[in-house]
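Subject: Structure handover, salt bridges

Hello,

Here is the structure for you to look over. My notes on its salt bridges follow below.

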Amino acid sequence: MKHASPPHDSSITHVTGESEYVDDRTMLAGELFVGCFYLKVAHAEIDAIDTSAALKIPGVAAIVTAKDVAHNAWGPIFQDQPIIADKVTEFAGEVLAVVGATTPEALRRGLAAIKIRHRTRPAILTIGEAITRKSFIGGERFIRRGDVDKALNDAPHRMSGKLVIKGADHFYLENQSAVAYPKEAGQMEVHSSTQHPTETQHVVAEALGVNFSDVVCIVKRLGGGFGGKESQSSPIAAYAALVANKTKRAARIVLTKDDDMIMTGKRNPFEIHYEVGFDKKGNILALRSRLYSDGGAYADLSTAIMERAMLHSDNAYFIANVEVIGQVCKTNCHPHTAFRGFGGPKGVAVIEGIIEDIARELKLDALDIRKSNVYREGHDVTHYGQVVENNRLPSLFNELEKTSDYRRRRSDISLFNHNVLTATNRFSPGAETLRGLSMTAVKFGISFTTKFLNQGNALVQVHRDGSIQVSTGAVEMGQGVNTRIAMLVAEEFGVSLDTIRVMTTSTEKNANTSPTAASTGTDINGAAAVLAAQKIKQRLSALALKLAIISPENWPSKTAGLGSFPEIEIDTLDDSPGLTDFSGNKIVIPRRKLSNVSSNNTATGQLKNAERFSISFPQLVNEAYLSRISLGEYGHHRTENLGFNKLTGQGQAFQYFSQGAALSEVEVNRHSGEIKVRRVDILMDVGRPINESLDIGQVSGAFVQGMGWVTTENLVYDNEGYLLSHSPSTYKIPSVQDTPREFNITLDHNPGNKANIRGTKAVGEPPLLLAISVWSAVKDAIRYVSERDADHLAFNRTHLLPIPATAEQTLRHLDPHLFTAPVIK
Ligand code: MTE
Ligand code: HPA
Ligand code: MOS
């Protein structure tokens with residue numbers, strides 16, 4: 001089935017450069033540049049901050065410190081984080097002072113002139129140290145089913161391990177930024193690059209000590225967010241607002257890439273200890289895993305991220321006996337935060353890695369093990385007690401196995417690797433690389449696991465020419481949420497897409513919104529917009545029925561100005577939408593239904609012989625306006641049937657699951673450890689897609705972003721906890737050269753999803769988890785060496801390939817003898 005896929009609503013203006021981002025806003029006279037002062041040490045007590053010299057520098061207009069902040073605490077779950085630190089700094093990059101200056105040069109000099117007296121304190125920089133010192137955020141969390149001890153004891157095979165997963169930077173192209181405009185009577189207007197305008201409004205208001213109603217947060221679009229602007233953009237906006245408030249001048253903050261990477265949190269690093277029991281066919285009988293994450297210095301979203309990791313520890317596989325334990329660690333690192341997939345990728349990496357290792361131990365094909373463990377009829381309840389409805393997983397594996405030609409390629413690769421490993425000279429052409437192949441799946445739960453966030457609101461306004469403006473809480477960050485919402489509204493009214501404008505997001509129009517996150521942007525905001533549209537449609541339908549039985553010369557457009565005919569009254573309670581058909585920019589009432597209306601109506605006899613009644617959308621809208629019928633509506637949507645109890649770890653955590661499978665083929669250089677992705681085949685279930693092209697863009701983008709996380713993106717900190725890899729020269733994100741040489745993406749045809757608006761499924765995050773297949777394909781390549789070498793096998797049994805599998809790590813696992821020094825962290 002082919003769907004029309006109109007382009008992204010900003011595709012043209014992105015190319016011409018017309019698209020406006022925060023820093024494209026025209027500077028006002030007197031506007032200030034804002035920057036942040038921080039230390040490069042992880043933990044210190046602050047004795048004094050002396051800003052007197054800095055304030056004397058020409059152009060420095062204001063310096064804001066903790067004492068200027070009305071309510072100096074914020075946080076998306078717990079308010080445990082100062083907006084500006086005061087007596088102690090808990091991580092390298094924590095803001096201690098904010099400077100506003102008239103030029104970037106004055107700003108730089110002002111920041112450099114701040115003097116500080118501090119005493120460094122011992123810092124906790126690793127998960128291991130945090131565990132030893134019991135430095136935790138929140139308590140331990142559990143999800144349990146069955147009898148894990150017994151099942152492990154009875155299992156024919158057991159395996160245990162510790163998987164290390166490092167963080168990753170969001171590397172959005174537009175860094176954190178905001179402009180604040182002071183308004184009369186203490187009000188503040190903030191334009192922010194944020195995924196969460198409502199939280200930014202709240203944090204700014206609290207920092208200034210004003211009511212939420214005194215702050216408006218406006219978001220036109222983001223140059224990428226990826227979760228990095230779900231929470232951490234709010235204090236950044238507060239810095240601009242504090243300077244603006246103090247000076248009564250507009251104030252603009254745009255972090256440099258270096259500052260952004262040093263100051264802001266990343267994907268949480270995890271360490272997962274697990275034990276697994278399985279039978280001789282590779283059926284997993286029991287899993288116990290203990291997940292520790294590095295939360296950094298403050299809670300941010302880490303507890304919710306941990307919860308999602310625990311909920312995704314099963315991924316696509318039914319496991320009868322499960323115990324998952326999660327604990328967030330408090331360290332002296334930047335507070336880690338949401339990143340595409342939230343905790344999901346970490347839980348999924350563990351189980352997919354385990355399956356690769358089971359396959360190696362049993363000398364079986366890993367795909368066969370996946371297929372025998374996959375959720376299926378009779379085995380379709382997750383460890384947290386939710387039934388996997390609309391389960392596409394078995395068919396995704398089977399389909400992709402066929403379309404990707406898995407079996408043939410497996411035997412080709414086995415032969416290829418055999419030749420490589422038996423070549424007499426490892427430097428001879430053709431013997432430098434080994435190949436690996438792995439298929440993994442994703443079953444990503446869609447909903448915020450925090451129930452109250454699963455709501456959205458929308459404002460729909462129909463104008464007199466029939467054009468329509470839609471405003472919701474959704475934030476456009478490149479993913480295409482505006483285009484999808486516009487398509488839903490256009491379809492609801494039966495009008496063409498070019499009459500719909502999705503407007504700038506603003507807390508003035510849509511309040512109490514949730515962040516655009518958890519991939520739910522279209523689900524909740526699109527549903528709210530459709531609800532609002534339906535209410536308008538109901539009134540327009542009722543009016544159309546009345547117009548149908550009134551002679552056109554008596555219609556409001558002919559009579560309203562003179563008042564020569566009574567105004568039309570509509571009964572909005574009738575079921576008129578069922579009688580009218582909105583499509584092709586027209587509203588049509590078929591004859592069959594028309595006779596229904598006219599029979600009990602005495603107004604005129606004009607319809608007796610009519611075939612049908614039809615009126616254009618703009619004309620009907622105009623008649624409605626002249627009849628004083630409201631053309632604006634507000635819709636509020638709440639996702640039904642959710643109920644996950646965080647205390648028991650059981651319940652309906654998600655509205656539905658987006659699913660998919662990917663086969664990745666990699667080539668690993670035996671001398672450098674460098675990885676090339678030769679081919680990727682993806683089969684992705686997004687229900688009934690709204691816009692296939694946008695979805696394919698999301699699948700490919702998420703996958704490549706995930707590839708970066710599992711291969712080359714390596715965060716390196718010094719011994720003081722200061723990030724050294726804080727620019728593109730030292731932090732390697734995928735480039736166009738790194739994209740798979742052959743990249744086949746197919747959307748699964750799945751009309752069976754009932755759960756969501758129009759049967760669609762969310763796509764934003766789930767495909768990122770498919771990139772785990774690149775990492776497991778590297779494991780697969782390494783396995784070919786282990787099969788011939790008992791020492792190699794022993795090494796790889798005890799040293800699990802970490803994430804990211806950098807060139808160095810990959811080489812170490814391919815050829816442990818090459819290394820004499822321990823792993824460089
Ligand atoms: N796509 C682009 N181009 N830029 C982004 O910042 N963020 C991702 C995903 N896709 C992102 C993106 C993340 S982390 C999420 S949660 C979803 O988009 C959010 O938008 P949605 O709910 O509308 O899918
Ligand atoms: N995903 C993204 N952001 C969130 C979530 C989630 O599940 N819960 C709270 N914030
Ligand atoms: Mo996405 S990590 O939920 O912003």
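A residue counts as buried when its relative accessible area is under 20%. R410 comes to 12%, so R410 is buried. Please keep in mind that this is a predicted model.

R410 has a partner. Its side chain meets that of D365 in a salt bridge, at 3.5 Å from N to O. D365 sits in the loop between α10 (344-362) and α11 (366-373), while R410 belongs to helix α13 (residues 406-422). The pair therefore ties together parts 45 residues apart in sequence. D365 is buried too, with a relative accessible area of 15%.

Next, K162 and E271. They form a salt bridge, and their closest N and O atoms are 3.5 Å apart. K162 is in strand β8 (residues 157-165) and E271 in strand β13 (residues 270-278). That links distant parts of the chain, 109 residues apart. K162 is partly exposed at 41%. E271 is buried at 15%.

Then D149 and R288. Their side chains form a salt bridge at 3.0 Å, N to O. D149 lies in helix α5 (residues 148-154) and R288 in strand β14 (residues 284-296), so parts 139 residues apart in sequence are tied together. D149 has 45% relative accessibility and counts as partly exposed. R288, at 22%, is partly exposed as well.

How many salt bridges are there by this rule? The count is 58. Some share partners: R409, R435, E665, E667, R678, R679, D681 and E742 are joined into one network in this way.

Best wishes

How values were computed: Residues are numbered from 1 along each chain as its sequence is written. Chains are lettered from A and ligands numbered from 1 in the order in which they are written. This is a predicted model: local features need pLDDT of at least 70, side-chain atom pairs count only at pLDDT 80 or more; totals for chains, interfaces and linings use all residues. Side-chain values use heavy atoms; hydrogens and water are left out. A salt bridge is a side-chain nitrogen of Lys or Arg within 4 Å of a carboxyl oxygen of Asp or Glu. Helices (H or I, at least four residues) and strands (E, at least two) are DSSP runs, numbered from the N terminus. Buried means under 20% relative accessible area, exposed over 50%, partly exposed in between (1.4 Å probe, protein chains only).
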